[in-house]
Amino acid sequence: MSKALNVSYTPMMGYDAAWDLQKSIVKSIDLGEQQDTLLLLQHPPTYTIGSQRHPEHLLLSKQELEEKGIGLFEIDRGGDITYHGPGQLVGYPLLLLEGEGLDLHGYLRSLEQVIINYLKHHGIEAGRKPEYTGVWVGDLKVCAIGVKFNKCRSRRAFVTSHGFAFNIKAGIEDQGFKGIIPCGIQDFGVTSLEECTGESFTVEQVAKEIMPFFTEVFSYELTGEEVTDTAR
């Protein structure tokens, strides 16, 4: 039986505001006050360092970050450093995971599968690399994934937070990824949907197109017919 999913799209939201919003919604879902939610949005140029904490993978000084206008946050998701910026679709699924056979690794594989299925729809063969989380086209990463499983207070269950960062616009790999060693991976580079297809997309377009793939993989039913533009 499909569950209801609340979805919103925000054209641009600061990272700190989005992080606070995630924590608020996670708490509400844990208390049973809010249904599962998917936040789709873009961030201004931002680096986030995950729980692996490898500051040496940031190649820019504090002064250079200020000159380039790139924010920096040490956060509570898994993984290493990554970049968020305009031209990238960021998805934060805030979902209650419970029941028999709870599979946290399976959740990561399902997130990857959403992107893989979407890319297949556009004629792109994407897949996984066994040693790395994320979605790859050949040896180039097109989507990074890093999540947190927040333990519920009164039951054996988790609410997910953080999520995926799907590169959409061509050239995004030059905007911010060159200032870091993305996810600590030196052997492979990054790419984008536009680079892979040779076509043009808007981030909002992809946010709308990706929803049937998300709801199919996770067995959800949207509360509305379309992704909603939400200004915050």
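**View 1. Lys-120 is exposed, with 65% relative accessible area.** The model shown here and in the other views is a predicted one, in which local features need pLDDT of at least 70, side-chain atom pairs count only at pLDDT 80 or more, and totals for chains, interfaces and linings use all residues. Residues are numbered from 1 along each chain as its sequence is written, and side-chain values use heavy atoms, with hydrogens and water left out. Exposed here means over 50% relative accessible area, buried means under 20%, and partly exposed is anything in between, using a 1.4 Å probe and protein chains only. Lys-120 belongs to helix 3. Helices (H or I, at least four residues) and strands (E, at least two) are DSSP runs, numbered from the N terminus. Between Lys-120 and Phe-201, the C-alpha to C-alpha distance is 16 Å, with 81 residues separating them in sequence.

**View 2. Asn-150 sits in strand 10, which spans residues 140-151.** Is Asn-150 buried or exposed? Asn-150 counts as buried, because its relative accessibility is 14%. Its side chain has a polar atom 2.8 Å from the backbone oxygen of Val-159, and Val-159 in strand 11 is also the bridge partner of Asn-150. The side chain of Asn-150 also makes a polar contact of 3.0 Å with the side chain of Ser-161. For a polar contact, look for a pair of N or O atoms within 3.5 Å; within protein, one must be able to donate a hydrogen and the other to accept it, and residues adjacent in sequence count only if both atoms are side-chain atoms. Skipping neighbours within four places in sequence, Asn-150 is in contact (heavy atoms within 4.5 Å) with Val-26, Ala-157, Phe-158, Val-159, Thr-160 and Ser-161.

**View 3. Ser-161, in strand 11, is buried at 5% relative accessible area.** Once neighbours within four places in sequence are set aside, the contacts of Ser-161 include Gln-22, Val-26, Pro-93 and Leu-94. Gly-146, Val-147, Lys-148 and Asn-150 are in contact with Ser-161 too.

**View 4. Strand 10 pairs with strand 9, strand 11 and strand 12.** Two strands pair if DSSP finds at least two bridges between them. Strand 10 and strand 11 run antiparallel and share 9 bridges, and the hairpin that joins them goes through 5 residues. Strand 9 is antiparallel to strand 10, over 3 bridges, and Val-137 stands opposite Leu-140 of strand 10. Have a look at Gly-138: it has a positive phi near 65°, in the hairpin of strand 9 and strand 10, with 2 residues between the strands. Strand 12 (residues 189-190) pairs with strand 10 in the parallel sense, over 2 bridges; one of the pairs is Lys-141 with Val-190 in strand 12.

**View 5. The largest nonpolar core has 38 residues.** Such a core is a set of buried Ala, Val, Leu, Ile, Met, Phe, Trp, Tyr and Cys residues joined through side-chain atoms within 4.5 Å. Which residues touch the most other members? They are Leu-40, Leu-89, Ile-115, Leu-119, Phe-164, Phe-166 and Phe-214. Among the elements that give two or more residues to this core are strand 1 (3-10), helix 3 (104-121), strand 11 (157-167) and helix 6 (203-218). A second, separate core has 19 residues, including Trp-19, Ile-25, Ile-75 and Tyr-92. Back to Phe-214: leaving out neighbours within four places in sequence, its contacts are Leu-5, Leu-38, Pro-93, Leu-95, Leu-111, Val-114 and Tyr-220.

**View 6. An open sheet of 3 strands runs in the order 4-3-5, with mixed pairing.** Strand 4 (71-74) and strand 5 (81-84) are the edge strands, each pairing on one side only. From one strand to the next, the twist averages 20°. Strand 3 (residues 46-49) runs parallel to strand 4, joined by 4 bridges, and Thr-46 has Gly-71 in strand 4 as its bridge partner. Helix 1 (residues 15-30) lies across strand 3, strand 4 and strand 5, at about 30° to strand 4. For that angle, axes are lines fitted to C-alpha atoms (for helices, over the stretch in contact), and angles run from 0 to 180 degrees between N-to-C directions.

**View 7. Cys-143 and Cys-152 are both buried.** Cys-143 counts as buried because its relative accessibility is 0%, and Cys-152 is buried with a relative accessible area of 9%. How many disulfides are there? The count comes to 0, where a disulfide is a pair of cysteine sulfur atoms within 2.5 Å.
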